[in-house]
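Student: I am new to this structure and would be grateful for a close look at a single part of it. Please then relate that part to other places in the chain.

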Amino acid sequence: MWRILCGIVVLAAIVNPLAETRGVRRRRAVKLQLDNYLSYDGIMEYLDQLARSYSSRVTLKNVGRTYEKRVLKVAMITNGDGRPGKRVIFLDAALHSREWMTPAAALLTIHKLVVEFEENSDLLADFDWHIMPLANPDGYVYSRNTDRYWRNTRTPNGGNCFGTNLNRNFAVDWKVGFSQLEDPCDENYAGSAPFSEVEARTVRDIMHILVDSQRAVMYLSLHTANRSVFYPWVYNTAPVSNQKEHDEIGRFVADRIRQSTGTFIKTWQYAKFDGTFGGTSMDYALLAGFPLSFVFEMSGVGQDQVEYKFFPPARDIRHLAEESWTGIRAFAEKAIEKYPPSRVIAYKQMVEPPNNAASRIRGFSSLVCILFIYLTNVFGSNSL
Ligand SMILES: *[C@@H]1O[C@H](CO)[C@@H](O)[C@H](O)[C@H]1NC(C)=O
Ligand SMILES: [Zn+2]
């Protein structure tokens with residue numbers, strides 16, 4: 001009897017530290033690869049591994065499936081203290097699929113918050129982060145494998161034309177602004193209806209869940225490569241009610257980046273920068289009830305000072321992702337400073353999105369025709 005008991009104790013003493021070592025080893029194995037652009041599968045594997053190794057602080061949620069049935073995932077990150085209902089920073093990346101640096105920056109952000117938790121725990125004390133590192137997987141796979149400049153989804157539009165621009169598909173002045181929004185063969189195509197795309201609906205639903213549960217604070221959408229912080233509105237040149245706050249946060253981010261890498265970032269209300277148009281996720285987030293909403297147009301300039309735009313060479317991925325993280329950290333610091341738990345946020349019912357004025361425009365079609373040609377030239381290469 002004593003021999004058996006003794007044997008169990010000895011066995012437990014041996015097995016237990018072994019199990020712990022295995023745990024540590026497994027943790028060390030979760031390495032973020034930034035020497036090459038990750039594939040869709042590579043990104044999903046990294047997320048799965050991380051959620052297994054850091055299960056107390058990362059929860060992966062399958063939030064939907066794309067047109068081509070790829071899984072859409074959100075990493076929900078906490079500090080593990082179990083306190084529910086914290087305020088949330090919602091970050092997404094690669095709504096535009098050719099902007100390859102944006103998933104890299106989103107994954108580095110996840111890595112910083114989870115693996116390098118000790119250095120960044122201030123960003124998780126009273127806030128959770130919900131991060132969608134790949135908002136348009138179909139487009140990303142197509143851009144990586146077939147046509148690198150692919151920007152849109154992969155839904156068929158009839159004829160030989162495919163894809164909708166997700167950042168034109170949200171129900172804010174949908175299809176209003178310039179002629180290519182209505183062209184199913186153009187990379188600015190706004191879609192067959194507001195929220196025709198399941199990927200846009202998925203982002204929309206996350207926004208509404210966060211607002212309805214009174215947790216929404218900041219929506220941050222990553223794009224490349226205009227070196228800008230943009231804030232709403234895009235559809236309207238009128239200032240947002242808390243314009244000062246947006247502007248101050250944008251300038252804080254720009255200063256932090258300039259001090260750290262020397263890169264110069266502009267801060268602007270988008271409509272004042274490049275004209276008005278409808279359908280953006282940034283405008284929608286603010287209308288839905290987020291107090292803060294931004295697009296961060298990351299840099300595409302390599303260490304050799306060459307502007308690579310969407311496709312910096314692999315050797316520049318790490319440095320550009322780190323620079324973006326410097327900016328994302330600054331966004332978060334300032335948002336947390338502005339919206340501490342003690343500040344009550346008055347979440348309103350969703351402001352009814354502005355009416356679709358497309359029919360109005362059609363009524364004036366003959367008059368507006370000349371204007372369209374003008375707008376086509378002005379807005380042909382909008383960056384957002
Ligand atoms: C940003 O967009 C504006 C307007 O389209 C353009 O003039 C400018 O060159 C762009 N900057 C970069 C760095 O792409
Ligand atoms: Zn973009």
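Tutor: Phe195 is located in the loop that runs between helix α5 (137-145) and helix α6 (198-212). The model discussed here is a predicted one. Phe195 counts as partly exposed because it has 19 C-beta neighbours inside 10 Å, whereas a residue is called buried if 20 or more other C-beta atoms lie within 10 Å of its own. Leaving aside residues up to four places away in sequence, Phe195 touches Asn169, Ala171, Ala200, Arg201 and Arg204. A further relation concerns Arg168: Phe195 and Arg168 are 27 residues apart in sequence, and their C-alpha atoms are 9.2 Å apart in space.

The UniProt record, an unreviewed entry, places the feature "active site" at Glu297. Glu297 belongs to strand β8, which covers residues 292-298. Glu297 counts as buried because 23 C-beta neighbours lie inside 10 Å. With residues up to four places away in sequence again left out, Glu297 touches His223, Thr224, Ala225, Asn226, Arg227, Ser228, Phe230 and Ser383.

Helix α3 has 14 residues, and from its first C-alpha to its last it reaches 20 Å, close to the 20 Å expected at 1.5 Å a residue. Of the 14 residues of α3, 13 are buried, so this helix is largely enclosed by the rest of the structure.

One partner of α3 (residues 101-114) is helix α10 (residues 317-338). Two packed helices are described by the angle between their axes and the distance between the axes. For α3 and α10, the axes come within 9 Å and cross at roughly 60 degrees. The crossing in which α3 passes α10 is right-handed. On the α3 side, the residues that meet α10 are Met101, Ala104, Ala105, Leu108, Thr109 and Lys112. On the α10 side they are Ile317, Leu320, Ala321, Glu322, Ser324, Trp325 and Ile328. By class, this contact of α3 with α10 has nine nonpolar, two polar and two charged residues.

These parts can finally be set within the whole chain. The chain holds 12 helices and eight strands. Of its 384 residues, 45% count as buried; Glu297 is a buried residue, and Phe195 is partly exposed. Among contacts in the chain between residues at least 6 apart in sequence, 76% join residues at least 24 apart.

Key. Residues numbered from 1 in each chain as written. Chains lettered and ligands numbered in written order. Predicted model: local features only at pLDDT ≥ 70, side-chain atom pairs only at ≥ 80, totals over all residues. UniProt positions renumbered as here; feature names shortened; annotations may be inferred. Helix = DSSP H or I, 4+ residues; strand = E, 2+ residues; numbered from the N terminus. Buried ≥ 20, exposed ≤ 12 C-beta atoms within 10 Å, placed from the backbone. Contact = placed C-beta atoms within 7 Å. Axes fitted to C-alpha atoms, helices over the stretch in contact; angles between N-to-C directions. Left-handed = near helix turned anticlockwise from the far one by under 90°. Nonpolar A, V, L, I, M, F, W, Y, C, P; charged D, E, K, R; others polar. Expected span 1.5 Å × (residues − 1).
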